[in-house]
Amino acid sequence: TNKPYDPLNLAISGFAVTGLADSANLVLFYDKDGFQARVAGTWQDVSLYQFGQGQNNSQFGSEPTFINGSTTIDFSTSYDITPQFTVNFAALNLTDATFSTRGRFSDQPLDIVDYGRRFTLGFRFKY
């Protein structure tokens with residue numbers, strides 16, 4: 001839909017589709033001689049999540065809940081040491097982005113969840 005929901009217009013209880021937002025993804029990949037590397041970036045703008053707010057058990061009616069925009073960057077790499085033995089590494093959420101929701105107004109935070117950065121190191125053996 002291209003009909004935007006206006007959270008500042010309290011006089012109209014309009015129709016709105018949840019979950020729609022502008023977003024962009026970019027992935028760069030390299031693979032040569034047993035070495036692989038991947039960088040992925042994801043951006044998403046603010047989106048309407050639902051009507052009603054769990055923090056107040058919706059006692060104020062169907063107040064909107066929005067998911068705030070965020071940008072994340074992930075990196076992963078692997079190297080084939082031998083045809084049977086591979087080492088891999090991944091770093092997720094390098095931007096240390098948080099997941100957060102807000103109410104009708106941009107200065108009305110509801111939830112903020114900080115997942116932090118995650119790092120993994122792994123080995124694979126094929127026989």
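Biologist: Where is the place of I81?
Modeller: In this predicted model, I81 sits in the loop that runs between β5 (70–80) and β6 (85–92).

Biologist: And is I81 buried, exposed or partly exposed?
Modeller: I81 counts as partly exposed, because its relative accessibility is 46% and the exposed class begins over 50%.

Biologist: Which residues does I81 touch, not counting residues up to four places away in sequence?
Modeller: With those neighbours set aside, I81 touches T86 and V87. As for F35, its C-alpha lies 9.1 Å from that of I81, while the two residues are 46 apart in sequence.

Biologist: Switching to the whole chain, how many helices and strands are there?
Modeller: There are 9 strands and 0 helices, so that the pattern read along the sequence is β-β-β-β-β-β-β-β-β.

Biologist: What share of the residues is buried?
Modeller: Of the chain's 127 residues, 24% count as buried, and the chain exposes about 8,900 Å², of which carbon and sulfur atoms supply 56%.

Biologist: Which residues make the nonpolar surface patch?
Modeller: L26, L28, V39, I73, F89, L94, F119, L121 and F123 together make a nonpolar patch of about 860 Å². The elements giving two or more residues to this patch are β1 (23–32) and β9 (118–125), and β9 gives the most, with 3 residues.

Biologist: Back to one of those, F119: is F119 buried or exposed?
Modeller: F119, which is placed in strand β9, is exposed, because its relative accessible area of 52% falls in the class over 50%.

Methods
Residues numbered from 1 in each chain as written. Predicted model: local features only at pLDDT ≥ 70, side-chain atom pairs only at ≥ 80, totals over all residues. Heavy atoms only, no water. Helix = DSSP H or I, 4+ residues; strand = E, 2+ residues; numbered from the N terminus. Buried < 20%, exposed > 50% of the residue type's maximum accessible area, 1.4 Å probe, protein only. Contact = heavy atoms within 4.5 Å. Areas by Shrake-Rupley, 256 points an atom, 1.4 Å probe, with all protein chains shown as cover. Patch = residues over 30% accessible without salt bridge, like charges linked within 9 Å, V, L, I, M, F, W, Y side chains within 5 Å. Salt bridge = Lys/Arg side-chain N within 4 Å of Asp/Glu carboxyl O.
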